[in-house]
Protein chains: 2
Amino acid sequence: MVIEKRFMEEAIKEARAALDAGEVPVGAVVVKDGAVVSRARNRVEETGDPSRHAEIEALKLASRKLGTRYLNDCALYVTLEPCPMCAGACVNFRIGAAVFGAFDKNAGALGSKTDLGSGVFGKEIPAFGGIMEDECVELLSACFKDLR
Amino acid sequence: MVIEKRFMEEAIKEARAALDAGEVPVGAVVVKDGAVVSRARNRVEETGDPSRHAEIEALKLASRKLGTRYLNDCALYVTLEPCPMCAGACVNFRIGAAVFGAFDKNAGALGSKTDLGSGVFGKEIPAFGGIMEDECVELLSACFKDLR
């Protein structure tokens with residue numbers, strides 16, 4: 001697969017919208033055949049529901065839009081390395097690949113802290129981290145600076 | 001915490017309802033102060049959405065009902081060991097403990113294949129497997145026998 005910066009830019013737009021809404025700024029898009037299928041942002045604060053991460057929202061929406069349970073032909077672009085819940089969702093939705101911006105040393109589950117996409121859970125997920133990393137980290141830093 | 005069989009019986013009721021509806025029979029309940037707060041079953045077939053596992057549904061519902069984001073004072077009872085997505089959700093919802101029936105050698109993420117509740121992800125989840133294991137395994141076997 002070819003990693004395209006323009007899709008991470010779309011994910012970053014979602015992350016910015018999350019920041020503006022008082023959320024931890026994480027955004028995600030699902031891409032198929034060179035086009036964005038779905039886009040979502042973190043909605044944990046808005047909903048009070050810790051499962052409303054950008055990735056799981058984007059995966060659900062893409063699956064609904066495409067009318068297919070599995071997303072083997074799609075790639076997920078997300079501004080932050082997925083947590084175990086979201087990496088596990090990537091496995092369950094059989095996502096074709098995952099591209100992320102910032103690495104998460106504490107909770108990253110596609111390589112940093114563990115790798116749920118290694119194939120051990122029945123689905124190997126090629127993951128590419130550090131794409132537009134500076135922009136993604138900057139957004140996250142802005143958020144945590146505001147919190148202090 | 002005291003593990004109470006009656007709560008696993010409630011989870012098994014949900015799993016049976018899932019089986020009757022043509023789903024892989026997994027059921028879950030969330031318990032607080034000796035009472036069931038929420039109950040849910042697998043709805044993947046009905047919805048075509050691979051994220052609609054019993055556990056994540058029960059956690060979301062309990063959080064909504066209690067009006068609290070975190071479920072430290074609650075226990076999850078589920079008929080099958082959670083997958084990575086659901087074990088990751090247990091971490092995100094800060095569930096107090098997890099009790100499961102059947103072990104999942106292939107995808108179990110609370111001890112069998114990996115342990116996402118070991119504390120490595122910032123939340124230690126005491127997990128107790130094999131509670132009413134025979135009944136839970138029998139239900140799963142019934143499902144996979146039907147599929148053959």
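**Figure 1. The accessible surface of chain A in this predicted model.** Chain A shows about 6400 Å² of accessible surface, and 46% of that belongs to carbon and sulfur atoms. Areas come from the Shrake-Rupley method with a 1.4 Å probe, and for residues only the protein chains shown count as cover. Of its 148 residues, 53% count as buried, meaning under 20% relative accessible area (1.4 Å probe, protein chains only). As this is a predicted model, local features need pLDDT of at least 70 and side-chain atom pairs count only at pLDDT 80 or more, while totals for chains, interfaces and linings use all residues. Side-chain values use heavy atoms, leaving out hydrogens and water, residues are numbered from 1 along each chain as its sequence is written, and chains are lettered from A and ligands numbered from 1 in the order written.

**Figure 2. Helix α4 of chain A, residues 84-92.** Helices here are DSSP runs (H or I, at least four residues), as are strands (E, at least two), numbered from the N terminus. Nine of the nine residues in α4(A) are buried, among them A:P84, A:M85 and A:N92.

**Figure 3. What α4(A) packs against.** Within chain A, the buried residues of α4(A) pack against α3 (54-66) and β3 (74-80). From chain B, α3 (54-66) and α4 (84-92) join in. Contact means heavy atoms within 4.5 Å.

**Figure 4. The elements of chain A in order.** Chain A has five helices and five strands, running α-β-β-α-α-β-α-β-β-α from the N terminus.

Methods
Buried means under 20% relative accessible area, exposed over 50%, partly exposed in between (1.4 Å probe, protein chains only).
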